[in-house]
Amino acid sequence: MPDTPLLPRRLHHNAWTTRDMAATRAFYEDVIGLPLVATWCESDRLFGRVRTYVHCFFGLADGSALAFFQFADAPDAEEFSPRSRKRRSITSR
């Protein structure tokens with residue numbers, strides 16, 4: 001692929017849902033060696049309801065991060081799961 005200035009040179013972050021943040025943290029931090037650079041809990045109005053989730057960021061060498069979030073309520077986790085038939089994208093608020 002030719003080097004072109006039109007392609008992104010880095011990511012701010014990519015985010016995925018997880019059902020088990022402790023296991024996700026153990027894998028990315030302890031097994032792969034990515035540092036946990038930030039974590040917080042927040043509540044946002046998504047699709048007509050306030051939903052609470054924890055968000056964790058694992059640092060990459062270029063300053064970007066992989067991000068994972070876990071919803072506090074099981075129905076929210078199911079609704080936003082990649083396996084859900086009624087899956088919704090957080091970016092399509």
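**Exercise 1. Aromatic pairs**

State how many aromatic pairs the structure holds, and classify the pair formed by Tyr28 and Phe58.

*Solution.* The structure, which is a predicted model, holds eleven aromatic pairs.

Step 1. A pair of aromatic rings is described by the distance of the centres and the angle of the planes.

Step 2. For Tyr28 and Phe58, the distance is 5.8 Å centre to centre, and the angle between the planes is 35°.

Step 3. Planes under 30 degrees apart count as stacked and those over 60 as edge-to-face, the rest being tilted. The pair of Tyr28 and Phe58 is accordingly tilted.

Step 4. Tyr28 belongs to helix H1 (residues 21–31) and Phe58 to strand S3; the pair links distant parts of the chain, 30 residues apart.

Step 5. Phe58 has a relative accessibility of 0% and counts as buried, since buried means under 20%.

**Exercise 2. A second tilted pair**

Determine which parts of the chain are tied together by Phe47 and Phe80, and whether each of these residues is buried or partly exposed.

*Solution.* 

Step 1. The ring centres of Phe47 and Phe80 are 5.9 Å apart and the planes stand at 35°, so this pair is tilted.

Step 2. Phe47 is found in the loop between strand S2 (36–46) and S3, while Phe80 is found in the segment after helix H2 (74–79); the pair therefore ties together parts that are 33 residues apart in sequence.

Step 3. Phe47, at 28% relative accessibility, counts as partly exposed, whereas Phe80, at 3%, counts as buried.

**Exercise 3. A residue in a loop**

Describe where Ser64 is placed, whether Ser64 is buried or exposed, and which side chain joins it in a polar contact.

*Solution.* 

Step 1. Ser64 occupies the loop between strand S3 (49–59) and strand S4 (65–71).

Step 2. The relative accessible area of Ser64 is 3%, so this residue is buried.

Step 3. The side chain of Ser64 is joined to that of Asp62 by a polar contact of 2.4 Å.

**Exercise 4. The protein as a whole**

*Solution.*

Notes
Residues numbered from 1 in each chain as written. Predicted model: local features only at pLDDT ≥ 70, side-chain atom pairs only at ≥ 80, totals over all residues. Heavy atoms only, no water. Helix = DSSP H or I, 4+ residues; strand = E, 2+ residues; numbered from the N terminus. Buried < 20%, exposed > 50% of the residue type's maximum accessible area, 1.4 Å probe, protein only. Polar contact = N/O pair within 3.5 Å; in protein donor to acceptor, adjacent residues only side chain to side chain. Phe/Tyr/Trp six-rings, centres within 6.5 Å; stacked < 30°, edge-to-face > 60°.
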